[in-house]
Structure formats: C-alpha cells, structure tokens
Amino acid sequence: MAEYKLKVTTGAMKHAGTMDHIYVILLGTEGQSPRTELNNLGIDFIAGKASCFKTSSSLGKLLLVKVEKDPFLLFPEDEWYCSKIEVTTPEDEEIVFPCYRWISRGEFVELRGGKGLTFLKYNITNADTLVSENLNFAVWFPTFIIPEYVSEHWKEDDFFGFQFLNGTNPNVIKCCSKLPPNFPVTDEMVRPFLETGTTLEKEMEEGNIFLCDQKIMDGIPTRQKDGNHLYVAAGLCLFYKNPEGKLLPIAIQLYQQPSEQNPIFLPSDLETDWLLAKLFFRSSDLIQHQTLYHLMHTHYLAEVFTVATFRCLPTIHPLYKLLIPHFRYTLHVNILVRKLLLSPGGASLGVEGLTELMRRDLSQMTYSSLCLPENITERGLELIPNFYYRDDALKLINIQVKISFQFKCCCCRIMDSDSATGFPSCFNTIEEVAKFITMVIFRVSAQHAAVNNGQYDYNSWVPNGSLLLCKPPPATKGQSSMQTVLETLPDVEDSVKIMSAARILSEKYTDVVLLGEFPEEHFDEPRPKEIIKALQVDLYYLREEIAARNSQLEIPYTYLNPDVVENSVTI
C-alpha cells in the first residue's frame, strides 16, 4: 500500500469551518481508496486554516477526490467551505484539487485536479430573463466631487454632449452621414451653431455630425403616479463636434414623427424650452441605460453565461476554470437586482413598459453589438476625440484577448442561436473561441463597470437626468418657464429614492475582487499561472497610463481603471 498525503484548506470567510465529520475517497486509474475520515483528534477544519492528513492505497494515476460531510453528534447543520485539497502522491507529485464551494451534510462532491484538459463540444445554452417586484427605500448619502461638478454644469451644452461619450451610457451615439427622413433639420436651423463658413452637409461629409435616436422608446407604455400619467420621450438629438473637439447638441426632436406639436428645439430657443428638451432626452437615455445597457447587456447576459457554464462545462474544463471567477456573486445579485432595477415605482415606465423595452432590445441584439471593437466601427466612433470610454475599453479588450487566446481551448457548440443576429452557431478555430470568450469576460467585468460605477456621479443630481418625469414634453415653443421645469421633475421623496438607488448601485463592499485577481486557484499547471501574471502586469501599466491621463482632465474618466473594475457582476 502506498501513502498519500492530503492538505485540506478551509475558506477564510466567516463560519467557513465545521465540526462535522469529513470523509474522502481517492480514485485512480487502478482503483479507489477506502472511505477515510479526516481526523487528527481535534478541530481540524477552522476558517482560514489548512490541516494535513494521510491515507494509504494503491490507485495508479490519481484522477479524482470525493469529499463527503456527515453530522457531528446531534449538532444542527454546519456547512463547510472547502477551498482546495492538495494531494502528494507516493511519487512526490503534488496535485491540487480546487473546490471553492460550500458543502452540506450528506453531500458527495467530486473534485478533479487543477491541471487543464481539453473536452469537445460542450453546449452553451440560453437562459430566460424575469421581471422584478417593487422595492422602496430612501437613504441620505454625502456628495462627492463629480456630483458637485454635475450640479454646477448640468445646464451646459458641452457637458450634455460629454456625457454621451463618457457618462454612464456611452453606447448609443453614432456618426451621422445622412439625416433620417423623420428628423427634418435644415442647414438654416443649425448654421448659427456650426463653425463660420461651413454647412450641415459639409460637416456630415467630414464626420463631425453625430446622432442619437431613441426610436426604441416610441410607443412604450408609461405608468401612472397618484392618478396622473408619467411621460417619456422617444426623441432624436443631433450633435456637432466643433473644432475644439467638444460634442455639442444642436437640435432635439422629442418624438419620432415631426409635426407642429413636435417642434425641433434649438440652442437659440427660450432657455427653459431648450433645457426641457435636454431634460426629456436625458431622461429617456437614462431609462435605456438602466434597463438595457446596464440590466440587459451586463447583468442578464452575465446570468446567461453563468448558467450555461454551470450546466455545460465540467469543473476540469479549461473554459470553466477561465470563466468561473468572472461569475462570482452574479446569480445572487441578479435576484436582488430584479427588485431594484425593474421596480414599477422607480421610473416613468411600469413593469409593462420595461418588459416591452427589453423585448424590443432583445429582438434586435446582434453579436457585433456586444463585441466592442466592431460596435465602435459600426457606429463610426473610431476617431472622435476625448472618448475615454472607447480608449480605455479597447485597451482592456486587447489585454483580455491575449489571455483568452493563450488558453488554447476546444471547439464548442452554441444552441438556439440565430444566424440573422450574427451569433456564431459553432466555433471552428481558436480565434473564434478567443473572440467569444473575450466578449463574455469584457461584458461581465469592464462593460459592467463602465455603465454602473458612475451612476451616483452623474445621476444623483436629478435635474441632470431623471428616471421619472411628471409633465408632458413641450409641444410648442416659448411657453415654458423655470416653474415648468420644476413641475416636470419628481418631488423630493422620489428624487431621494432616485439618488439613493444611484448611490447604492455605485457602492463598493469589503471583499471586492478586481479584474486580474484570482484568489481561488482553479489552474494548477505552470503555463496558465504565467499567463495570469502577464495579465496582471499589463493591468498594472494600464492603471498607470489611465491615472496619468486623468491627472490632466477637468473631469477624470475613472470607471475603466483596473483599480475599480471588478472581475464579475456583483452589484
């Protein structure tokens, strides 16, 4: 009989230890060991500690470790968090068996060694999304630097334009080479806001005109509050990149179909008319941001990827090991987020409107829209200056694609894909796998950080963009006043709820795991560890680069600095 040495590590979190009986069975190519209790005549499984044991058997090449937990006397349930089991074979080979999970009484857990193997044709399936229930809360939080800046500059046109590049929703603006037929802006209307001597057509030809079109909001049902209707716009906004590189709004239409009751508002209009036009447009943008680009495109997609990984990939699969750190807390937070982000009391849209908005978005979602380099190209935003989201995101993707490519994984099949959307039905090359895995990791880490972390900064000052508006958009010019603006905005109670939600969603917690950190060691072979170290070096240099740039900016863009990008969707 040969001797095997076992080192069992218990997780460091609170209540991770146990007094229950722990048993193991070792399985090899030539047999399995007897069911052996791990017991050194004391409390062996203490949080944050490792205990050593021995067992004897003839197994051949060690393949699996089975772990079982039984109750100690008549004590109540006492779950145990097992981090890993390290086994030293009779040939002095050290094999790590990652676990990183809670184990309950009567549960058998099979652990496979941390050295990567290749498996073929595992399915990646889709998951359904659900809608939430209402959650009401109100908390007071202090203001910080950027919210104070927003409260002082929210009326300014260049700050309005800046937010469509570097605020919480940099996903909707695109270059405009031809005006849509339902947005009849004329050269005469906007010439006063362009550089002297130029024309709207010339500026479109030179790539200096940009468009944000909210047609997805057209006809979306709203809800009532205290017996009164709430309102949303489904507008179009034209932007001009001036010679100083600033992005300025030059025309806003608040509904899709032009008419006498749907005028095109201009910066030269009555100040409160123009302010209301921007307020309604930002409100609809904020609803799209929260419902689509935050909830749908990060939280819910992360849930799809998480469920697919758990269902279809064994823990030994290299893709499982690569992806599982990026799904930490995702299912848990999504249960909570359904109550918060889809609250029928949190926006002008009720549950019916929010659900319809998500349905429309899902029907037009494409693979290229989720792959940022292609998305930036399709929107014609490769050269627009001061687009810090684009700059930082593409650098992060270049770092992430290197790690995805170096893990030379298998071909996989995706079920229920639609060729019209561009989603691949299967992967045939390493490059295709690397592209898809990079998209997944970027979505659940960097993209979530980009659309989530700045919410308190930009959205806590409610006049800058409210989820809830109480008066209809202006139908004629010259009839508004600052009193109209105040009546359109939510009352103090709802404003505090909006501000509090933004603060909570931007909050950090104590056990945050940043991008590039891997406290759970799922890989045991040297090459993946080298790749992870190289990733961490690249992220370190990107931190320095972003910090140096931000030191020169009036409004720093911090949301994609690796210092604040989490490894997964956790809040």
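**A strand residue with positive phi**

Guide: Let's start with tyrosine 100, which is found in strand E8, the run of residues 94–103. Please keep in mind as we go that this is a predicted model. Tyrosine 100 is not a glycine, yet its phi is positive, at about 50°. Is this residue buried or exposed? With a relative accessible area of 13%, tyrosine 100 falls under the 20% cut-off, so it counts as buried.

Lysine 435 sits in helix H12, which covers residues 430–452. Its relative accessibility of 34% makes lysine 435 partly exposed. Leaving out residues up to four places away in sequence, lysine 435 touches Tyr367, Cys371 and Glu374. With glutamate 374 there is also a side-chain polar contact, of 2.3 Å. Isoleucine 397 is 38 residues from lysine 435 along the chain, and their C-alpha atoms are 9.8 Å apart.

The largest nonpolar core has 107 residues, and Phe239 and Leu560 are the ones that touch the most other members. Helix H5 (residues 271–312) is the biggest contributor to this core, giving 18 residues. Beyond its neighbours within four places in sequence, phenylalanine 239 has contacts that include Phe160, Phe164, Ile173, Phe210, Leu247 and Ile250. Gly161, Asn208 and Pro249 are also among the residues in contact with phenylalanine 239. Another core, of 23 residues, lies apart from the largest one, and its members include Tyr4, Ile22, Leu62 and Ile85.

Finally, a word on confidence. The chain has a mean pLDDT of 88, with 91% of its residues at 70 or more. Two stretches call for care. Over residues 117–144, pLDDT stays under 50, and the model has 84 contacts beyond four places in sequence for them. Residues 410–416 also stay under 50, with 28 such contacts. Where pLDDT is low, the predicted coordinates should not be read in detail.

Conventions: Residues numbered from 1 in each chain as written. Predicted model: local features only at pLDDT ≥ 70, side-chain atom pairs only at ≥ 80, totals over all residues. Heavy atoms only, no water. pLDDT = per-residue confidence, 0-100. Contact = heavy atoms within 4.5 Å. Helix = DSSP H or I, 4+ residues; strand = E, 2+ residues; numbered from the N terminus. Buried < 20%, exposed > 50% of the residue type's maximum accessible area, 1.4 Å probe, protein only. Polar contact = N/O pair within 3.5 Å; in protein donor to acceptor, adjacent residues only side chain to side chain. Core = buried A, V, L, I, M, F, W, Y, C linked by side-chain atoms within 4.5 Å.
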